Amino acid sequence: MENVNDKTPKYVIKPRFSLIYELIMPTGKKIKKALLMCLCMIFLYLIFSIFRNYIDLSNVFGGFDVNFVLSMIFLVLFVIFFIKLAIHIAFQVLQYKNLSFTFYNDYMVYEDSFLNQHTKTIQYSNIKEVEIRRTVTDRVLGYGIIVIYTNAENSNNGLVIYSIKNPQECYDKIQNILEKVRNSNKHIEIKDNEEKVENVDKEAKEVSKIVNLSVEDEEKFNESLKNIND
């Protein structure tokens, strides 16, 4: 039987960053928005480039080079959104590097040590169900999501692990850990019940001895009374 006080990790899950995966997941919302703005700037610049080949706006504004100004505006906006995209990608990469889900003998720990630290401990006895979710795209990319449901009554009654490579393998390992804990708890419960039965039997035997002694003492007392009367 494993020592429940053992602090050695039994299994550790580290989500992996994938740009393609982030573009289809809720976790990549900021990345998708910044990328969309970059693409919009490129699209608008292409339209503007085609448009200025037919109309020279400098004639409309008295020789002022409007085309150059608009080109610079598009370029500046593109650079701004591109930098923003790069920052969101770097942020997400660091987020995943500092994110871990560690499984011990009788509990698991979720830890996010990037920027604001967040740590959450879940006892296995409070885990109600473990679910794996994979869309068609997830299967193609080899990624997936694992959801761990708990017995908590509030809205935070679970834990979602995103961006898992080989999710089926992770799911099987988690289930094996939980199954071992359940079997161990059942063994302890059976052993406790057996000890309780043994204790009850011992108490019953002690009571029986006391009763038997009391009966013997009463018989001896009655016998002595007969002798006195005789």
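This is a predicted model: local features need pLDDT of at least 70, side-chain atom pairs count only at pLDDT 80 or more; totals for chains, interfaces and linings use all residues.

Student: How are the rings of Phe 91 and Phe 114 arranged: stacked, tilted or edge-to-face?
Tutor: This is one of 10 aromatic pairs in the structure. The ring centres of Phe 91 and Phe 114 are 5.1 Å apart, and the planes meet at 65 degrees. Planes over 60 degrees apart count as edge-to-face, so the arrangement of Phe 91 and Phe 114 is edge-to-face.

Student: Which parts of the chain does that pair link, and how many residues apart are Phe 91 and Phe 114?
Tutor: Phe 91 belongs to helix H4 (residues 66-97). Phe 114 sits in the loop between strand S3 (107-112) and strand S4 (118-123).

Student: What is the angle between the ring planes of Tyr 104 and Tyr 107?
Tutor: Tyr 104 is buried at 16% relative accessibility, and Tyr 107 is buried at 14%. Their ring centres are 5.0 Å apart and the pair is stacked. The angle between the planes is 25 degrees.

Student: Which residues does Lys 7 contact, leaving aside its neighbours within four places in sequence?
Tutor: Lys 7 lies in the segment before strand S1 (11-13), and at 54% relative accessibility Lys 7 counts as exposed. The C-alpha of Lys 7 is 9.7 Å from that of Asp 106, although 99 residues separate the two in sequence. With the neighbours set aside, the contacts of Lys 7 are Tyr 104 and Tyr 107.

Student: Why is one side of strand S5 left without a neighbour in the sheet?
Tutor: The sheet is open, and its 3 strands run in the order S5-S6-S7 with antiparallel pairing. Strand S5 (127-133) and strand S7 (158-165) each have a single partner strand, so one side of each is left without a neighbour. The reason is that S5 stands at an edge.

Student: Over how many bridges do S6 and S7 pair?
Tutor: Strand S6 (residues 143-150) pairs with S7 in the antiparallel sense. Ile 148 stands opposite Leu 159 in S7. The pairing of S6 and S7 extends over 6 bridges.

Student: Which helices do the buried residues of H2 pack against?
Tutor: Helix H2 (residues 29-52) has 24 residues and spans 35 Å from first to last C-alpha, close to the 34 Å expected. Its buried residues are Ile 31, Ala 34, Cys 38, Met 41, Phe 48 and Ser 49. One of these, Phe 48, is also linked by ring pairs with Tyr 45 and Phe 74 into a cluster. The buried residues of H2 pack against helix H1 (19-22) and H4.

Student: How far is the sulfur of Cys 38 from the closest cysteine sulfur?
Tutor: Cys 38 is buried, with a relative accessible area of 3%. A disulfide needs sulfur atoms within 2.5 Å, and the structure holds 0 disulfides. The closest cysteine sulfur is in Cys 40, too far for a bond, at a distance of 9.3 Å.

Terms used
Residues are numbered from 1 along each chain as its sequence is written. Side-chain values use heavy atoms; hydrogens and water are left out. Helices (H or I, at least four residues) and strands (E, at least two) are DSSP runs, numbered from the N terminus. Buried means under 20% relative accessible area, exposed over 50%, partly exposed in between (1.4 Å probe, protein chains only). Contact means heavy atoms within 4.5 Å. Rings of Phe, Tyr and Trp (its six-membered ring) pair if their centres lie within 6.5 Å; planes under 30 degrees apart count as stacked, over 60 as edge-to-face and the rest as tilted. Two strands pair if DSSP finds at least two bridges between them. The expected span of a helix is 1.5 Å times one less than its number of residues.
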